[in-house]
Amino acid sequence: MDYTQIGYDVADHIATITLNRPEQLNAFTGTMMNELIDAFDRIDADDDVRAVIVTGAGRGFCAGADLSSGGETFSRGGSDVVADSGVPRDGGGLVSLRIFACKKPVIGAINGPAVGVGVTMTLPMDIRMASENARFGFVFARRGIVPEACSSYFLPRVVGISQAAEWCYTGRVFPATEALAGRLVRSLHAPDELLPAARALAAEIAENASPVSVALTRQMLWRMLGADHPMVAHRADSEAIADLGRKADSKEGVMAFLEKRTPDWKLSPSKDLPATYPWWDFPTYEGD
């Protein structure tokens, strides 16, 4: 796919996706949705990629849904993808679900305003870092709709139910300092220091951690948020350790530590995940 509304680059094992409609503050469209989903498909298929950064071009991260249709913006539902029931599937939700399923860790480098889907799409990202100039808003109640992009699942898990409720019920736009205090973002940075900081964190993952270990750990951490007993985690831990402990990366990790050198990982997430992966059953959306 040729991208017209995002940029895509891979260097030093790090993929960088840039939302790229700067004149519209990178407002979200159906085209951007399709391009983001395709980019994450490419990322999972490319074993050279070990970490992902998502950021925005210009002075905004994403100003939310493109409102150029005026009052009819939300009248057709969220996308052209329709379930068997005839209900259009929310486009932001399709992006969030694709990010959730990604085998690589995802870092949001939020360089400016992130409102509506511009903030909810970041919730299934593993780490969010923000510019001091960023602003955030879960503005849905002020637009006569409800939070989308699976954010009623992700937001309380990220910031807690009380903070999630306050931001969603008021629909107010708030500064980066409030996002930091509410644990929505990990850290704040001067505008010109945000991407270097995100790349440094991505490089720490890419250079030191087994890609297969990270892929499994990412899914285990997210999935276990909904587990009803620690035994679910124990079963997943046991199967993964039993499988990976017999493979090359386990031996390499130990020997690299003992020999005080950088590990040379051999396994890849596209081919070498355990045969038992995934260990969970999760519901499919009718029409998938």
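This is a predicted model: local features need pLDDT of at least 70, side-chain atom pairs count only at pLDDT 80 or more; totals for chains, interfaces and linings use all residues.
1. Let's start with the cysteines. The sulfur of C150 has its closest cysteine sulfur in C168, 13 Å off, and that is too far for a bond.

2. Buried or partly exposed: where does C150 fall? C150 counts as partly exposed because its relative accessibility is 26%. C168 has a relative accessible area of 15%, so C168 is buried; the cut-off for buried is under 20%.

3. On to the fold as a whole. The protein chain has ten helices and nine strands. Its radius of gyration is 19 Å, close to the 19 Å from the globule rule for 288 residues, so the chain is as compact as a globular protein of that length. If you're setting up a box, the C-alpha atoms fill roughly 60 × 45 × 40 Å along the principal axes.

4. Packing next. Of the 288 residues in the protein chain, 48% are buried. Take the contacts between residues at least 6 apart in sequence: 70% of them join residues at least 24 apart.

5. Last, surface and charge. The protein chain exposes about 14,100 Å², with 54% of that supplied by carbon and sulfur atoms. There are 28 positive and 37 negative side chains, and the centres of these two sets lie 3 Å apart.

Conventions
Residues are numbered from 1 along each chain as its sequence is written. Side-chain values use heavy atoms; hydrogens and water are left out. A disulfide is a pair of cysteine sulfur atoms within 2.5 Å. Buried means under 20% relative accessible area, exposed over 50%, partly exposed in between (1.4 Å probe, protein chains only). Helices (H or I, at least four residues) and strands (E, at least two) are DSSP runs, numbered from the N terminus. The radius of gyration is taken over C-alpha atoms; the globule rule is 2.2 Å times the number of residues to the power 0.38. Contact means heavy atoms within 4.5 Å. Accessible areas come from the Shrake-Rupley method with a 1.4 Å probe; for residues, only the protein chains shown count as cover. Lys and Arg count as positive and Asp and Glu as negative; His and the chain ends are not counted. The place of a charge is taken as NZ of Lys, CZ of Arg, CG of Asp or CD of Glu.
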